[in-house]
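Have the viewer open as you read.

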Amino acid sequence: MKIVVVSDNHGDREVLDRIIKANPDASLFLHLGDSEMQPYELGPFVSVKGNNDFGCDYPYELYFDTPYGKLYMHHGNFMYGITPMLVEQKKCKIFLYGHVHRKRIQKFKDTYVVCPGSTSLPRGYETPSYLVIEFSEINEPIFNFKNL
């Protein structure tokens, strides 16, 4: 299983098309919000609602099953940040979020907490990026940040 994860493209459909073309073997395309696009414009990406997705009818959070366990996704504009307690409450093995426009990966107990960065507007000195998640023979996730 190969999962492609993007966030914060802020209306840039061209970058999404490049990512789709570069990953024809992906099983699932996930968008962590702030696409600023309607659902019919976003296919094949499944998206959650970001703080700039005005007038878009996306859910605020979603769960998916993976070989490693439950994957949780949310845009990430949590009032008090992403804390170990919040991660534990979501009862997942992979916790994905966007909003901060910076690549990050950390682990709280047995849950990976990952932000793919932004495909169009990275912050700091980072390059535009997205994330590819694949699973090893023993179903451990392999996280690979891809620069654009």
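1. Some bookkeeping to start with: helices (H or I, at least four residues) and strands (E, at least two) are DSSP runs, numbered from the N terminus. This is a predicted model, in which local features need pLDDT of at least 70 and side-chain atom pairs count only at pLDDT 80 or more, while totals for chains, interfaces and linings use all residues. Residues are numbered from 1 along each chain as its sequence is written, and side-chain values use heavy atoms, with hydrogens and water left out.

2. Let's begin with Asp8, which sits in the loop between β1 (2–6) and α1. Is Asp8 buried or exposed? Its relative accessible area is 0%, so Asp8 is buried (buried means under 20% relative accessible area, exposed over 50%, partly exposed in between, with a 1.4 Å probe and protein chains only).

3. What surrounds Asp8? Setting aside neighbours within four places in sequence, its contacts (heavy atoms within 4.5 Å) include His31, Asp34, His75, His99, His101 and Thr119. Ile82, by comparison, is 74 residues away in sequence and 18 Å away in space, C-alpha to C-alpha.

4. Two polar links of Asp8 are worth a look. Its side chain makes a polar contact of 3.5 Å with the side chain of His10, and a polar atom of the Asp8 side chain lies 3.1 Å from the backbone nitrogen of His99. A polar contact here is a pair of N or O atoms within 3.5 Å; within protein, one must be able to donate a hydrogen and the other to accept it, and residues adjacent in sequence count only if both atoms are side-chain atoms.

5. On to charge pairs. Side chains of opposite charge can pair when their charged atoms come close. With a salt bridge taken as a side-chain nitrogen of Lys or Arg within 4 Å of a carboxyl oxygen of Asp or Glu, the count is 7.

6. One of these joins Asp17 to Arg13, with the closest N and O atoms 2.8 Å apart. The two are 4 residues apart in helix α1 (residues 13–22), so about one helical turn separates them. Asp17 is partly exposed at 38%, and Arg13 is partly exposed at 23%.

7. Lys90 and Glu61 also form a salt bridge (3.2 Å, N to O). This pair links distant parts of the chain, 29 residues apart: Lys90 is in the loop between α3 (84–89) and β6 (94–97), Glu61 in strand β4 (residues 61–65). Lys90 counts as buried at 18%, whereas Glu61 is partly exposed at 34%.

8. Lastly, Lys70 bridges to Asp65, the closest N and O atoms being 2.8 Å apart. Lys70 is partly exposed at 37%, while Asp65 is exposed at 55%.
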